[in-house]
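This short report describes one protein chain, first as a whole and then at two of its residues. Please look at the sequence and the model before reading on.

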Amino acid sequence: MARARHGAPDVLRKLEASIAAVLETFEEERDLASVVLLQGSGSLPQMAERLRSVEQHLAALLGEDLDEAGAVGLIAPGDSELRAHLVIGAMREALLYRLRHQGAPQAQDAAVREFLLRALG
């Protein structure tokens, strides 16, 4: 995700790249997605802690993007940490949907990105 964000020319493209990177990673690693999304909350304490750590890292990166978006007027000011966790939750639900339903991942990704960007403002 950090690599995808790095080359983005502006904050909007950075947000899009962040969302796309998470969705693409889980599409490429469906077994990993299944473990993280479907079994993560009931996993061993060490695994649950590692998953929380990864989520916190993602939230921090998204929070930076959201702070930057707020600073340049792309979104209204607000609690970037909360918004980052809301984005992660929405992505989690989209990925769960993908695991349970077959469909065109690219079309689903586009719909998720559009939804999240509109929800953010």
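## Overall layout

Read along the sequence, the protein chain follows the pattern α-α-α-α-α-α. The model is a predicted one. The protein chain has six helices and zero strands.

Of the 121 residues in the protein chain, 36% count as buried. The chain exposes about 7,400 Å², and carbon and sulfur atoms supply 55% of that area. Among the contacts in the protein chain with a separation of 6 or more, 68% come from residues 24 or more positions apart.

## Two residues

| Residue | Helix | Relative accessible area |
|---|---|---|
| L12 | α2 (residues 11-28) | 31% |
| R98 | α5 (residues 80-100) | 6% |

Is R98 buried or exposed? R98 has a relative accessible area of 6%, and buried means under 20%, so R98 counts as buried. R98 lies in helix α5. In sequence, R98 and E27 are 71 residues apart. In space, their C-alpha atoms are 8.7 Å apart.

L12 belongs to helix α2. L12 counts as partly exposed because its relative accessibility is 31%, between the limits of 20% and 50%.

## A surface patch

Which residues make the nonpolar surface patch of about 240 Å²? This patch is made by L12, V72 and L74.

Methods:
Residues numbered from 1 in each chain as written. Predicted model: local features only at pLDDT ≥ 70, side-chain atom pairs only at ≥ 80, totals over all residues. Heavy atoms only, no water. Patch = residues over 30% accessible without salt bridge, like charges linked within 9 Å, V, L, I, M, F, W, Y side chains within 5 Å. Areas by Shrake-Rupley, 256 points an atom, 1.4 Å probe, with all protein chains shown as cover. Salt bridge = Lys/Arg side-chain N within 4 Å of Asp/Glu carboxyl O. Helix = DSSP H or I, 4+ residues; strand = E, 2+ residues; numbered from the N terminus. Buried < 20%, exposed > 50% of the residue type's maximum accessible area, 1.4 Å probe, protein only. Contact = heavy atoms within 4.5 Å.
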